[in-house]
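Thank you all for coming; I would like to walk you through one chain this morning, and I ask that you keep the picture in view while I talk.

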Amino acid sequence: MPAKKTETQRFTTEERAAMRERVRETKRQQSKEEGEADLLASIAKMPDADRTKAERIHKIITAAAPQLTAKTWYGMPAYAN
């Protein structure tokens, strides 16, 4: 269930945390290995059902498109060319 905003808040606590994570992601330059390590750490933090799906998706993407670079985007797993 998404967090509710108060009348004085423009963004929820979760939205602000995602924005801060995105700023951190854009500031650091990563190698392909560091990006994949961040992606796998992001997957490891997920609840069991989501983690299982994300691990399967990661295996499929890395097998089908090895040229893509694994990274995080707003703290979530992502792949880029």
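Predicted model: local features only at pLDDT ≥ 70, side-chain atom pairs only at ≥ 80, totals over all residues.

**Contacts, core and surface**

Let me begin with E21, which touches R28, Y74 and G75, not counting residues up to four places away in sequence, where contact means heavy atoms within 4.5 Å. Residues are numbered from 1 along each chain as its sequence is written, and side-chain values use heavy atoms, with hydrogens and water left out.

E21 has its place in helix α1, helices being DSSP runs of H or I with at least four residues and strands runs of E with at least two, both numbered from the N terminus. The C-alpha atoms of E21 and W73 are separated by 8.4 Å, although these residues are 52 apart along the chain. E21 is partly exposed, with a relative accessible area of 22%; buried means under 20%, exposed over 50%, and partly exposed in between, with a 1.4 Å probe and protein chains only.

As for the overall layout, the chain has three helices and two strands, and from the N terminus on they run α-α-α-β-β. Of its 81 residues, 17% count as buried. Among contacts with a separation of 6 or more, 46% come from residues 24 or more positions apart.

The two strands, β1 (residues 69–73) and β2 (residues 76–80), pair in the antiparallel sense over five bridges, pairing being called when DSSP finds at least two bridges between strands. They form a hairpin with two residues between them, and Y74 in the turn has a positive phi of about 55°. W73 has M76 in β2 as its bridge partner. On β1, A70 and T72 make up the covered face, whereas T69, K71 and W73 make up the uncovered one.

Which residues make up the largest nonpolar core? There are five in all, namely L39, I43, M46, A54 and A70, a core being a set of buried Ala, Val, Leu, Ile, Met, Phe, Trp, Tyr and Cys residues joined through side-chain atoms within 4.5 Å. In soluble globular proteins, nonpolar side chains tend to be buried together. Leaving aside neighbours within four places in sequence, I43 is in contact with R51, A54, E55, H58 and P77.

The structure holds one salt bridge, meaning a side-chain nitrogen of Lys or Arg within 4 Å of a carboxyl oxygen of Asp or Glu. D48 forms it with R51, the closest N and O atoms being 2.2 Å apart, and both lie in helix α3, three residues apart, about one turn of the helix. D48 counts as exposed at 54% relative accessibility, while R51, at 22%, counts as partly exposed.

Finally, F11 lies in the segment before α1 (13–27) and, at 40% relative accessible area, is partly exposed. F11, M19, W73 and Y74 form a nonpolar patch on the surface, a patch joining residues with over 30% relative accessible area and no salt bridge, like charges within 9 Å and nonpolar side chains (Val, Leu, Ile, Met, Phe, Trp, Tyr) within 5 Å.

How values were computed. Areas by Shrake-Rupley, 256 points an atom, 1.4 Å probe, with all protein chains shown as cover.
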